[in-house]
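Here is a short briefing to read alongside the model on your screen. Keep the viewer open and follow the topics one by one.

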Amino acid sequence: MVPSDDKVSAFQVGLIVFSSVFGSGIFLLPPSAARELKNDAWLIAVIGGLIGVLSVFLISKGKKVYSKYGLVGTNKLLFGKVLGTIFLVPYLIYFTMGGFMIRIYGETIKIFLLPKTPVEMIIIPLILLGALLIRTGIETLARFFEAMLIPIILMIVILITVVIPGSDFSNLLPAFTNNFSDYLKGALSALLVYTGSEVLSILFPYMRSPEKAFKVTRNAILLITAIHITVVIENIARLGPKQTASFIYSTFYLVKVSEIPGAFIERFDGIVMAVWAISQFSAYVSVMGLGHIFLTDLLNQKEAKHMVWVSLPPLFIMSMLGKNLSEVFSILNTTIEFVMPFTALISPLMVLAAISIRKKAGKEL
Amino acid sequence: MRVRYLVLLPVLCLITVATGCWDKIEIDKRAFIYTLSIDTKAVQDKNPEDADIKTKSKIKAILTIPLPVKVAASSSQGKSSPSEKPYISLTLEGRDIPDIIKSFNTTQSRTAFLDHTRLLIFGENLLKDKEAFSEVIDYIQRDAHFNKLARVAFIKGGIDSILDAKPEIDVLPSTYIMEVLDKAKENSLFIVDNISEMMVGLSNEGKTVLPCIEIKKDRVEINSLALIKDFQLLGFMDGKYMKAYTAINNKLKYGEKLFKYMGVEIPYNILSSQRRITLINKEEPLEYKISLQMNGSINEFSFRNLSKPATIKSMQEALDKSFKLEFEEAANFFQKVINEDYIGIEEYTRKYNNRIYNKYKDDWQRVFKNAIITFDVNTRIEETGTLR
């Protein structure tokens with residue numbers, strides 16, 4: 001059930017999708033892209049962006065049905081209760097990935113800032129803080145993202161400007177020398193960074209103007225793509241493809257080793273790290289906020305707030321899976337490669353096909 | 001409403017309590033390692049369990065730590081007295097760098113802090129030991145806190161000689177060495193000057209070139225460069241090739257060139273330079289043309305007239321010849337003496353003529369040795385000072 005006062009504007013919808021997708025992409029994409037396509041790493045950002053735009057396009061096509069019934073209701077209506085619920089399982093898996101997001105957050109903070117603090121002590125306060133924010137509703141969440149927008153833009157501007165001196169753009173050469181299979185593998189790795197567009201299918205019932213959904217979310221994805229392309233190019237230009245590929249977070253390293261001659265601030269990594277924390281937390285609360293709406297609908301609950309607390313223990317357990325960051329990334333990559341093609345592309349296509357069949361059959365929606 | 005507060009209160013309490021920093025170390029409890037000098041020491045392993053390993057390289061490090069109170073006192077007095085050194089230099093040994101840091105932390109009253117390390121110096125034995133050097137580099141790269149902008153240099157004669165540096169103006173020997181490195185870098189005598197730049201070369205091309213410092217009679221000198229390939233010392237490049245090396249690598253920003261004109265030795269100040277490589281012959285032997293545009297000024301000419309365009313032109317031609325000779329000698333050194341491509345020919349071929357590179361990449365050393373490299377130098381004298 002959607003409270004009548006818990007609605008978001010078109011701009012806020014774009015912002016929610018931006019926050020869900022953006023997350024740690026600028027830190028995670030360059031090394032994984034360089035491992036797949038070396039000098040052509042930036043192409044992965046382009047491929048990922050196109051997949052993201054295609055995903056929001058397909059989801060937006062079903063806006064009328066999604067607005068009326070929500071994601072869960074639409075699936076149950078179009079495919080029946082049993083099959084519809086089975087088709088929702090990948091979404092459930094997708095939302096449990098919030099646990100991994102918070103784990104990555106905790107582990108990164110541990111590596112760079114708090115090496116002796118147990119990761120649980122970093123994760124628990126964040127889960128609780130997220131829960132407090134999520135339970136206040138989707139509009140409050142959108143307002144939180146609005147407030148965070150300026151620091152995030154500031155971080156991107158700092159990041160892009162400080163790393164330019166010393167760049168050697170000839171590192172992008174030789175271009176287009178990979179095999180076709182490498183580009184396909186690259187497209188799969190792009191999925192990891194561009195997950196999040198699926199949240200749009202849950203957002204529709206909360207939108208004041210669903211007809212603007214595609215325009216704003218497309219712009220959000222294109223903005224992220226532009227940022228990703230720039231950051232990947234800068235990583236390759238400064239560090240070269242081999243060194244970029246050797247890192248987990250090459251962009252952090254890049255900022256750490258960048259200095260502006262004559263600038264009064266010697267190091268910028270502290271600022272970027274602080275804003276990254278906000279950005280990653282925003283992605284987490286966005287996915288979890290919409291995940292708990294999904295769970296409420298799936299379990300046919302009228303009140304959403306208590307579901308926040310119910311979802312915390314499994315979320316914490318999920319965040320503790322994997323002994324180290326490598327295992328976490330391995331689980332996350334495998335899950336995304338399995339889930340993302342379905343939630344971002346196949347499921348919206350199936351919904352559109354089912355709508356078309358029902359319309360032809362003359363059934364009402 | 002009451003239930004809400006009952007839920008929120010413990011949550012807020014937990015958030016407040018659990019966000020405490022477990023890593024807190026007060027600033028006065030930290031030892032700021034200003035300079036880290038690393039070398040290896042071959043030791044006999046007496047442990048019978050390791051009998052199959054007869055000798056094992058052991059890391060030796062000299063940690064230079066400034067003492068802030070004494071530094072402040074020395075700075076105000078102008079120079080430190082011999083009895084009150086404003087720093088301490090500790091020599092420690094261990095299996096690896098973490099072992100040395102652990103050894104420091106367990107024997108000293110402060111915690112080693114490497115985030116602000118400004119100078120990293122490698123000894124000759126370390127650079128000859130591929131395994132030990134790659135372990136050290138891996139640690140530095142892997143550690144999230146080690147300052148990757150720290151200056152990096154190689155020291156001839158072992159790291160112990162670092163203790164012989166006696167600064168006359170600076171308070172710390174480390175700052176003295178860094179100033180000397182800075183001045184050399186300003187004059188484009190070398191390219192790589194910090195850990196990050198060194199890592200870019202080692203990771204992508206498998207090669208790097210480090211400034212080589214020598215302590216001679218208390219003084220720090222840079223007369224050569226250490227050539228490193230695959231985490232091992234390959235050899236040294238004499239100081240006479242330094243300028244040509246930076247110019248051919250398109251990194252020459254400033255510098256001086258002495259040339260003879262009308263029987264007088266004149267200094268030409270290089271203000272900027274640009275390099276362009278072209279592959280002329282794509283069949284073996286590969287033939288490259290390296291075009292260099294040098295821009296600079298003449299600041300002295302024994303009160304002779306420099307206002308005539310013809311004089312400037314003939315000076316430029318003399319400079320062209322002199323530069324060309326210098327560059328050819330440097331290229332010859334890398335091709336025939338070192339037989340390793342440190343002048344960017346391989347990188348250029350890979351980036352701009354990838355098909356040709358793929359054809360020869362497995363045998364690149366031989367192809368590079370036999371390649372014909374010609375130089376086309378165009379020198380410009382842009383300024384001649386305030387006299388005619």
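In this predicted model, the hairpin of β8(B) and β9(B) has two residues between its strands, and Lys217(B) there takes a positive phi near 50 degrees. The next hairpin along, formed by β9(B) and β10(B), also has two residues between the strands.

- Strand β8 of chain B covers residues 207–216 and pairs with β9(B) in the antiparallel sense, over 10 bridges.
- Within that pairing, Ile215(B) has Val220(B) in β9(B) as its bridge partner.
- Strand β9 (residues 219–229) of chain B also pairs with strand β10 (residues 232–238) of chain B, again in the antiparallel sense, here over six bridges.
- Two places to look at in this second pairing are Lys229(B), whose bridge partner in β10(B) is Gln232(B), and Ile228(B), which stands opposite Leu233(B) in β10(B).
- The turn between β9(B) and β10(B) holds Asp230(B), with a positive phi of about 45 degrees.
- Phe231(B), found in the loop between β9 and β10 of chain B, has a positive phi as well, of about 60 degrees, although it is not a glycine.
- As background for these phi values, most residues other than glycine have a negative phi.

**The four-stranded sheet of chain B**

- In what order do the four strands of the open sheet in chain B run? The order is β11-β12-β13-β14, and the pairing is mixed.
- At the edges are β11 (255–261) and β14 (372–383) of chain B, each of which pairs on one side only.
- From one strand to the next, the twist averages 40 degrees.
- Inside the sheet, strand β12 (residues 264–281) of chain B and strand β13 (residues 287–298) of chain B run antiparallel and are joined by 12 bridges.
- Helix α9 (residues 309–338) of chain B lies across β11, β12, β13 and β14 of chain B, and it runs at about 145 degrees to β14(B).

**Where chain B touches chain A**

- The contact takes 32 residues from chain B and 36 residues from chain A.
- About 2800 Å² is buried between chain B and chain A, and carbon and sulfur atoms give 61% of that area.
- Which three residues supply more of the area that chain B buries against chain A than any other three? They are Asp23(B), Leu149(B) and Lys351(B), which together supply 21%.
- Lys351(B) is also worth a look for its side chain, which meets that of Asp168(A) in a salt bridge, at 3.6 Å from N to O.
- The count between chain B and chain A is one salt bridge, and the rule finds seven residue pairs in polar contact across this interface, both residues being at pLDDT 80 or more.
- On the chain B side, the elements that give two or more residues are α1 (2–18), α7 (195–204) and α10 (345–352) of chain B.
- Of these, α1(B) gives the most, with eight residues.
- By class, the chain B residues that touch chain A divide into 15 nonpolar, nine polar and eight charged.

**Cis peptide bonds**

- In chain A, the peptide bond from Leu173(A) to Pro174(A) is cis, with omega near -5 degrees.
- You will find Pro174(A) in the loop between α8 (138–162) and α9 (180–193) of chain A.
- In chain B, the bond from Glu284(B) to Pro285(B) is cis, also with omega near -5 degrees.
- Pro285(B) sits in the loop between β12 and β13 of chain B, the two strands joined by 12 bridges in the sheet described above.
- For context, most peptide bonds are trans.

**Salt bridges**

- How many salt bridges are there over all chains? The count comes to 22.
- One within chain A is formed by Glu107(A) and Arg103(A), whose closest N and O atoms are 2.8 Å apart.
- Both Glu107(A) and Arg103(A) lie in helix α6 (residues 98–112) of chain A, four residues apart, which is about one turn of the helix.

Conventions. Residues are numbered from 1 along each chain as its sequence is written. Chains are lettered from A and ligands numbered from 1 in the order in which they are written. This is a predicted model: local features need pLDDT of at least 70, side-chain atom pairs count only at pLDDT 80 or more; totals for chains, interfaces and linings use all residues. Side-chain values use heavy atoms; hydrogens and water are left out. Two strands pair if DSSP finds at least two bridges between them. Axes are lines fitted to C-alpha atoms, for helices over the stretch in contact, and angles run from 0 to 180 degrees between N-to-C directions. Contact means heavy atoms within 4.5 Å. Buried area is the accessible area (1.4 Å probe) that two parts lose on being put together, summed over both. A salt bridge is a side-chain nitrogen of Lys or Arg within 4 Å of a carboxyl oxygen of Asp or Glu. A polar contact is a pair of N or O atoms within 3.5 Å; within protein, one must be able to donate a hydrogen and the other to accept it, and residues adjacent in sequence count only if both atoms are side-chain atoms. Ala, Val, Leu, Ile, Met, Phe, Trp, Tyr, Cys and Pro count as nonpolar, Asp, Glu, Lys and Arg as charged, and the others, Gly among them, as polar.
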